[in-house]
Amino acid sequence: MRPWSIGGARPRWLELALLACPILLLAIGLTTIELSSGEAPGSSDQALVAALASALFAVHCWLTLRYPHADQVVLPTASMLAALSMVMVARLEPSLALRQAMWIGVGSVALLATLVILPSVSWLRQYRYTWAALGLALVLSTFVFGVDPNGSGARLWLGFGGVYFQPSEILKILLVVFFAAYLDDYRELLTLSSVRVGPISLPPLPYLTPLLFMLAIALGTVVMQRDLGAALLLFGLFLAMLFVATGRVLYVVGSLAIFVLGADLLYRLFSVVKIRVETWQDPWATASTTGYQLVQGLTALAAGGLIGAGLTYGYPTYVPAVHTDFMIAAIGEELGLAGSLAVVGLYVVLVHRGLRIAMVTGDSFATLLAAGLTSVVGIQALVILGGTLKLIPLTGVTLPLLSYGGSSVLANYVLLGLLLAVSAEPRRRDDAA
Amino acid sequence: MQRNLARLELVLLAGFVVVALALGYWQFYRQDELLARPTNPRIAEEARRVVRGKILDRTGKVLAENVPQPDGASERTYPTGGLAHIVGYHSERYGNSGIEAKYDDYLSGTRSADPVDRTISALLHRPTVGSDVVLTLDARIQQAAVDALGGNPGAVVVLDPVSGAVLAMASAPTFDPGQIDERWNAMVNDPANPLVNRAIQSTYTPGSTFKVITAAAALDLNLVDPGAKFRCVDPIRIDNLQVDCRNHSHLPTVDFREAFAWSCNRTFALTGLELGTERLALADVLRPPFPWQNQLGRSAQRLEEYAGRFWIGKSLPFDLPVEPGQVKGGGEWYPSLLAQTAFGQGELAATPLQMALAAAAIANGGAVPAPYVAGEARAAGGATTSLNHPAGTLGQAISAKTAQTINEMMVLSVDTAWAKPAAMAGVKVGGKTGTAEAGAEGSTPHSWFIGYAPAEQPRVAIAVIMEHKGSGTDFATPAAKTIMQRALEVYQR
């Protein structure tokens with residue numbers, strides 16, 4: 001044991017140094033907004049910067065004490081996105097700036113709580129069916145208690161005491177845990193054995209049944225509620241985890257075939273799906289109605305050009321939902337291609353670190369868990385970015401860690417907590433041994 | 001599972017690469033095209049934030065400026081009346097007109113008289129401040145012109161015959177450019193066409209004022225001795241057209257100068273018909289064979305050429321578009337048409353600006369000055385860019401000697417004949433009246449006057465038309481006198 005270590009603690013210099021970046025970003029961003037309005041930076045800005053700094057420092061200290069071997073890049077990268085989120089919400093919807101800061105604070109507490117409460121990663125595995133049941137209960141409860149606080153036409157929220165949250169945000173984490181545990185149990189069976197029908201070898205379908213059942217209920221529910229973005233995300237997540245567990249391309253091909261059939265069915269059944277596809281094909285044909293959001297989003301991006309109009313000097317508020325799903329349009333307009341590519345870069349770093357955690361953890365459940373958690377962030381970012389950029393039909397999901405919104409922020413911080421816990425796992429096992 | 005993870009990472013990375021490429025595609029490759037679409041609200045937003053430049057007259061009097069409103073926006077106001085047509089209007093809904101349209105780039109700041117400062121301002125996100133546009137107009141002369149028209153449909157153009165600077169350009173009826181958004185439909189549907197700038201967008205039969213150009217052709221071609229007397233009494237008949245000498249019934253014998261001053265239609269019908277000959281035969285009673293019979297084509301061609309030298313029927317370069325008018329419509333020349341054209345009727349059509357330029361050319365030694373109304377653009381910091389027409393002159397229409405002779409003839413008209421109401425004490429004035437028959441048979445003719453003062457060293461040239469008002473002598477000529485008097489009081493070159 002080295003002289004400067006306290007108990008099992010080891011300094012995490014890289015993380016500490018990197019954490020200066022989000023704090024600087026927030027300070028500079030808020031100051032820029034104040035100065036451009038012709039006012040001196042107020043004390044509320046300093047309080048926000050101090051609050052973020054202390055929240056990050058608290059998490060950093062807890063990691064240093066209890067998880068000294070946890071990944072040192074994940075927290076600063078996610079915090080960059082959180083700081084940018086606070087800056088952009090302050091710029092786009094000043095009245096919501098404090099609430100977003102509060103949510104990020106609550107999220108940090110949730111992250112800490114996850115690290116504090118979680119006895120070990122394998123503990124999650126023991127209660128796999130509890131998580132599945134909890135997820136189902138959550139989703140099904142929206143049918144009974146679901147409300148639609150902001151009049152979007154879909155009853156996706158659960159509310160109590162004036163606070164609303166979206167169960168699908170929690171559901172995605174619960175599903176990751178369940179999938180990871182289940183796939184870990186039946187991984188070898190699913191990988192090796194097969195049922196031969198003539199020249200084609202089929203997978204052992206019976207073993208997939210619980211998984212498919214769970215997926216079908218989750219998908220069915222969100223589709224019934226017209227939450228197509230969540231459906232796409234859950235499906236992509238299932239595909240990614242199945243592939244990581246088995247490595248069988250047949251699953252991917254088969255699933256994609258089912259996806260195409262399902263999408264075609266949805267296209268025929270729901271006018272909302274049809275409108276989304278038509279809008280995607282030519283948003284300018286309906287630029288003042290259904291295509292308005294997409295057209296204004298793309299126009300905002302174009303207005304930003306390479307270096308952007310500068311914070312507060314663009315007109316991103318013409319884009320509906322610019323502070324939630326369409327956050328990238330505001331970033332693109334005011335911070336330019338430089339800013340929007342930086343955001344993409346942050347997601348790439350996050351995905352890369354997350355999958356690296358999965359690779360080195362050494363425990364197959366932890367690997368699947370980390371891969372699933374990372375996939376959630378990566379796929380969700382791709383779904384909404386692709387929709388905003390007219391690469392795929394637009395479906396409403398939040399941009400992870402950037403969009404305004406309580407449940408989204410909260411869920412993503414819990415997710416980060418789990419990921420950090422997994423990253424610390426191998427050395428903890430070694431220390432315990 | 002390691003290999004599977006690596007493959008998953010590859011797929012996700014590929015997704016982000018596509019997203020990055022798409023960002024580049026929209027933010028860089030398709031940037032200009034997307035921003036130019038009508039779906040881009042930034043164009044209007046930016047225009048609303050611009051502090052639009054002022055429009056000033058030559059003395060610095062404000063003709064148009066933006067006045068801040070309580071709600072933070074600013075409203076375009078026009079504190080000086082009577083300038084709606086030339087200054088124009090500025091509306092987000094209906095666009096711009098007049099100078100507001102022509103120099104919108106300077107006024108709105110997309111172009112600046114100080115490009116360096118504009119670039120720095122854009123980088124520092126300073127609000128765009130448009131350049132002021134300084135016109136050659138003088139609000140005082142403009143007011144005199146508006147008053148002289150007295151609301152009668154018509155137009156007045158006053159210009160400096162040497163520089164071509166337009167000092168006043170009035171058109172009646174007019175409109176309130178500050179009410180464009182509120183009263184657009186009423187203005188557009190008004191049968192009196194208040195939005196039309198009659199000085200440059202309406203063409204009129206010039207009547208006897210065109211005799212200046214017919215006389216210029218005959219004298220410039222040296223076809224007539226202006227001092228030689230000839231008997232001029234009996235009407236002549238050309239085709240079915242009878243042309244008489246009623247304008248000078250008290251003078252049975254005249255020379256070419258007097259025939260001009262008294263506006264003799266018979267003399268000018270013959271002049272037009274005989275422009276193609278070697279010498280005008282203006283003496284009494286002509287019977288077939290007429291001297292013009294074999295020369296009709298050449299006569300017509302010469303008349304057209306001289307009309308063209310005075311920019312009748314041609315696109316006149318000016319800050320704002322000018323109707324070209326015409327010497328003749330689409331058909332062939334025939335004797336009575338040529339005769340009528342020569343004394344200012346027929347199918348002739350000219351704008352008041354073109355007729356004012358004809359007077360200015362006579363005053364300016366035969367050179368047609370290039371007309372302009374926008375002097376310079378002035379950036380907020382004081383830097384200026386000249387908007388002036390670079391040519392100075394649009395060419396020599398006639399020789400200086402011919403111009404001098406016609407100058408004397410126009411002075412004679414003011415001193416002794418029909419243009420007498422334009423005479424001023426102590427100032428020699430040159431002028432030519434016109435009473436143009438136009439519109440339905442029997443309707444009151446247009447009242448015309450073109451002229452300049454002082455005749456020896458002209459400072460102002462003028463054209464006045466009052467639609468369906470009566471004779472040139474009774475209406476346009478005294479109106480022109482009051483305007484020229486005011487102009488001579490206030491205008492120093």
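In this predicted model, strand β6 (residues 132-135) of chain B is joined by four bridges to strand β14 (residues 374-378) of chain B, and the two strands run antiparallel.

**Strands of chain B**
- Within the pairing of β6(B) with β14(B), the residue B:L135 has B:A374 as its bridge partner.
- β14(B) also pairs with strand β15 (residues 384-386) of chain B, in the antiparallel sense and over three bridges, and here B:E376 stands opposite B:S386.
- Five residues lie between β14(B) and β15(B), which together form a hairpin, and in its turn B:G382 has a positive phi of about 110 degrees.

**Helix α8 of chain A**
- Helix α8 (residues 205-224) of chain A has a kink of about 35 degrees, which is centred on A:L211.
- The buried residues of α8(A) are A:M214, A:L215, A:A218, A:T221 and A:V222, and among the elements that cover them are α6 (128-145), α7 (167-192) and α9 of chain A.
- After α8(A) comes A:R226, which has a positive phi near 60 degrees.

**Contact between chains A and B**
- Chain A brings 40 residues to the contact, while chain B brings 30 residues.
- On the side of chain A that touches chain B, at least two residues come from each of α9 (228-246), α12 (292-304), α13 (327-360) and α14 (364-388), and α13(A) gives the most, with twelve residues.
- Sorted by class, this side of chain A has 28 nonpolar and twelve polar residues, but no charged residues.

Key
Residues numbered from 1 in each chain as written. Chains lettered and ligands numbered in written order. Predicted model: local features only at pLDDT ≥ 70, side-chain atom pairs only at ≥ 80, totals over all residues. Contact = placed C-beta atoms within 7 Å. Nonpolar A, V, L, I, M, F, W, Y, C, P; charged D, E, K, R; others polar. Pairing = 2+ DSSP bridges. Bend = angle between axes of the 7 residues up to and from the residue. Buried ≥ 20, exposed ≤ 12 C-beta atoms within 10 Å, placed from the backbone.
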